[in-house]
Each structure stands twice: as C-alpha cells, then as structure tokens.
Amino acid sequence: MIENYNLFLLVCGIAFLLGALFPIIFKRTPISLPMLQVSFGLLMGYWWTTLSFLDPMNNGLIIEKLTEIVVLVSLVGAGIKIDTKLSWQLWRPTVRLLLITMPIGIFAMAVLGYYAFGLSLGAAILLGAVLAPTDPVLASSIQVGPPNTGREDTPRFTLTSEAGLNDGLAFPFVYLAIKIAEAFSQGNSFTLEILWSWFTHDVLWKIGAGLVVGIVVGKIMAKLVFSKYSQNTTISQGYVVIALTLVAYGLAEFVHSYGFIAVFIAAFAFRRSEHEHSYHHKLHDFAEQSEGLLMSLVLVTFGMFLGQGLQSGVELTWRVYIVSFTFLLLIRPIGGFIALSGLNMAHTEKYAISALGIRGIGTLYYLSYALNQGFFGDEDALKLWVVCSIVILASIFIHGLSATRLLKMTPNKSH
C-alpha cells in the first residue's frame with residue numbers, strides 16, 4: 001500500500017472533488033453521493049491491479065479505528081441538529097424501532113446466517129447484530145435538516161434519532177456474539193452464568209452508564225460554552241465539536257459503558273441547552289463537513305476493496321444475493337411496519353421509515369471490532385465480510401435511488 005501512497009492520495013483527491021461538485025453536476029439526477037464514490041472506488045480497485053490488496057482479514061484494526069471516527073462524528077452531527085423536544089409522544093416511533101424492529105432484524109439475520117451460510121452460532125448472531133442498526137453516516141441525506149430550519153417531519157426525525165441511538169444499542173448483541181464465540185473457542189459451553197453477566201453488565205450497566213455520561217457531558221459543555229463569561233468571545237466550533245465527541249466517548253469507555261450512546265446523548269443534551277441559539281448551526285456545519293470528508297475516504301476505500309475482491313475472483317453465491325435483498329426489502333420493512341403499527345401516522349410515513357433502514361459504515365465498524373477480538377474462525381470471518389459488504393453495497397444503491405422519492409410521498413409537516 002505504501003508504495004502506491006501518492007496515487008492513493010490522487011484517488012482520494014478526485015473523490016473529494018466529486019463531493020464538492022456533486023450538488024452542481026448531479027442535482028437533477030437520482031444518483032446519491034455515496035453511490036458515486038463507491039462506484040468510483042470499485043472501478044479503481046478493479047482496474048488498478050498494482051495496488052496492494054486491501055484485505056480486511058489482515059487490516060481489521062485500521063478498518064475499526066477509521067470507521068469508528070466517522071461514526072462518532074456522524075453521531076455528534078445527528079444529535080446537534082435535532083430540534084424535536086424530548087417528548088414520549090414524539091419519540092415513541094423511535095423507541096418502537098429500537099425495541100421491536102432491531103431485535104427482529106437481529107433474530108432474522110442470525111437464523112439466515114446459521115442455516116443459509118452455515119455460520120457458527122456466535123458468528124450468526126454477530127451477522128444479525130452488525131446489520132441491524134440504521135447507519136448514521138449514510139443515512140445523513142434522509143435525516144433532519146440543520147438546527148432551527150424547520151425540516152423536522154416525522155420520517156426524518158424518526159430515522160435520525162433511530163440512527164443516533166441504535167448504533168449503541170446494537171453493541172450488547174455484538175458482545176453476546178463475542179462471548180458465545182469465546183466460550184466455544186475455549187471448548188466451553190455458553191452457560192446461564194455467562195448470559196446473566198452479559199445482561200447485567202453489557203446491557204444494563206453499559207447502556208445506563210452511557211446515557212448518564214452523555215447527559216452530564218452535554219450539560220457541562222453547554223454551561224461552559226453558553227456561560228455569561230463566554231458571551232462576548234468567539235469559541236471555535238471545531239474545538240467544541242471535537243471536545244464534545246472525545247470527552248463523551250473517552251469518559252464513557254473509561255467507565256466501561258457504550259461510547260456511541262454517550263456521544264449522541266451528549267450532543268442532544270448540548271443542543272437542548274439554549275436550543276434556539278445560532279451557535280448550534282455553526283457546530284452542525286463543522287460536523288457535517290468533517291463527516292462528509294471522512295465518509296468520502298471510507299466509501300472510496302470500501303469501493304476499492306470490493307473492486308479488488310471482484311478482480312481476484314471472490315466467490316459470490318446466489319445465497320448471498322438472496323439473503324441480502326431479503327433483509328433490505330423484506331425483513332427491515334416488515335419489522336418497521338410491525339413496530340409502527342397502531343401509531344397515528346400516515347401509511348406513507350410508516351412505509352418510508354420502514355423502508356429506509358440504510359446499512360453502511362457502522363456495520364463495517366462493528367464487524368471489524370468483533371473479529372479483532374480473535375474468537376471467530378477465518379471461515380466465518382470471510383463469510384461475514386462477504387455478506388456484509390454485499391448488503392452495504394446493495395443498500396447504498398437501493399436506498400440512494402429511492403430515498404428522495406419515498407420522502408416526497410410523506411406529508412410535509414414539522415413537529
């Protein structure tokens with residue numbers, strides 16, 4: 001890779017240029033920026049045969065850390081731009097998606113992974129866990145608009161809040177998969193004692209502590225930024241966004257809780273403090289641009305990895321395609337409809353929310369994180385990378401082509 005460093009920088013530069021010119025050139029087309037950048041990377045990976053193979057099996061740590069940064073910045077951006085106040089009536093669709101739709105997706109994909117691909121029990125649960133969350137990065141185009149702009153209808157708000165919270169809430173199931181794989185790799189059985197430890201620590205403690213850390217960090221940061229002593233001083237939005245992200249994440253991880261939950265909650269708590277202040281708009285702009293740059297880098301690299309896989313003749317069986325499209329076109333939409341049934345929402349709103357469960361960079365993070373623990377076999381790991389890559393690629397194109405049309409069908413009413 002290092003011998004092609006300069007050429008790789010050129011490829012990234014072209015990808016960033018595509019991002020800059022995209023609103024002008026492709027304004028009237030159904031093409032999305034992620035579609036364009038992944039396609040560009042895929043072509044580069046397929047035809048650029050001198051490039052060292054971007055093997056995820058041997059570069060898992062790099063993938064984990066890079067995607068982790070992108071997701072964190074995206075979570076801050078999502079939390080900052082939510083105008084909707086904390087109300088049970090308004091947040092009820094989000095809660096239902098988290099507590100009903102996500103478990104349905106995890107269970108369904110675990111079953112498919114176990115029987116269709118012959119994955120071990122731990123790997124099958126991991127497949128469901130990494131594919132269940134709606135991605136906060138690639139879903140940014142269907143989320144609410146910048147702070148205080150009024151673009152906060154029910155579908156956009158629900159998808160934004162779901163993407164902000166379900167990344168952290170998928171982690172308990174990732175840990176469950178890791179614990180099962182660890183037990184089996186050591187020749188032990190998965191006991192009720194291990195299950196109880198998982199529930200009390202990985203579910204109750206880590207989620208609860210993550211929420212508390214997020215609230216505390218968000219409120220304290222808001223007090224500092226909006227205090228009377230800083231009213232006449234311009235505080236750099238870059239420093240605030242990065243500090244909010246790293247302090248919340250670092251503190252949450254230090255107390256062994258979920259950093260993703262803490263970061264989103266911290267950003268939301270920060271926003272609810274002086275929520276009409278114009279400073280939130282500046283923070284959003286910085287976070288959005290940072291997210292866009294990092295997303296471009298990851299998507300082009302992901303496309304190159306796919307192109308190299310195709311060029312090297314990686315086998316893609318019919319089961320991979322059937323399972324991938326079944327998940328995107330049936331399991332997620334049906335799970336969404338089940339969760340939203342009975343709510344006072346238009347049918348088109350329920351359909352848009354259910355159908356637009358975009359999968360993306362968060363999946364890459366969870367998968368690389370779990371596999372880096374060293375408890376999953378190479379055969380399972382390869383199958384997981386292949387299936388998840390195809391699901392992400394299909395999601396980028398299916399949702400990229402349909403998102404705008406689906407959202408236009410919904411009633412344009414703000415909270």
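**Helix packing and an aromatic pair in the predicted model**

In this predicted model, the protein chain has a mean pLDDT of 86, and 93% of its residues reach 70 or more. Among the elements of the chain, the lowest mean pLDDT, 83, belongs to helix α1 (residues 5-25), and the highest, 96, to helix α5 (residues 121-131). Where pLDDT is low, the predicted coordinates should not be read in detail.

Helix α1 packs against helix α2 (residues 33-47) at an angle of about 155°, and the two axes are 10 Å apart. The crossing of α1 past α2 is right-handed. On the α1 side, the contact is made by Val11, Ile14, Ala15, Leu18, Gly19 and Phe22; on the α2 side, by Leu33, Leu36, Gln37, Phe40 and Met44. Of these contact residues, 9 are nonpolar and 2 polar, with no charged residue present.

Helix α5 packs with helix α7 (residues 171-185) at an angle of about 165°, their axes lying 8 Å apart. This makes α5 roughly antiparallel to α7, and α5 passes α7 in a left-handed crossing. In the contact, α5 contributes Leu121, Gly122, Ile125, Leu126 and Ala129, which meet Phe173, Val174, Leu176, Ala177, Ile180 and Phe184 of α7. The contact of α5 with α7 comprises 10 nonpolar residues and 1 polar residue, and no charged ones.

Leu299, Phe302, Phe305 and Leu306 of α11 make the contact with Ser389, Ile392, Leu393 and Ile396 of α15. By class, the contact of α11 with α15 has 7 nonpolar residues, 1 polar residue and no charged residues.

Across the whole structure, 22 aromatic pairs are found. One of them is formed by Trp91 and Phe268; this pair is edge-to-face, with 5.3 Å from centre to centre and 75° between the planes. Trp91 is located in helix α4 (residues 88-116) and Phe268 in helix α10 (residues 259-272), so the pair ties together parts that are 177 residues apart in sequence.

Conventions: Residues are numbered from 1 along each chain as its sequence is written. This is a predicted model: local features need pLDDT of at least 70, side-chain atom pairs count only at pLDDT 80 or more; totals for chains, interfaces and linings use all residues. Side-chain values use heavy atoms; hydrogens and water are left out. pLDDT is the predictor's confidence in each residue, from 0 to 100. Helices (H or I, at least four residues) and strands (E, at least two) are DSSP runs, numbered from the N terminus. Axes are lines fitted to C-alpha atoms, for helices over the stretch in contact, and angles run from 0 to 180 degrees between N-to-C directions. A crossing is left-handed if the near helix is turned anticlockwise from the far one by less than a right angle, and right-handed if clockwise. Contact means heavy atoms within 4.5 Å. Ala, Val, Leu, Ile, Met, Phe, Trp, Tyr, Cys and Pro count as nonpolar, Asp, Glu, Lys and Arg as charged, and the others, Gly among them, as polar. Rings of Phe, Tyr and Trp (its six-membered ring) pair if their centres lie within 6.5 Å; planes under 30 degrees apart count as stacked, over 60 as edge-to-face and the rest as tilted. Angles under 35 degrees count as roughly parallel, over 145 as roughly antiparallel, 65 to 115 as roughly perpendicular and the rest as oblique.
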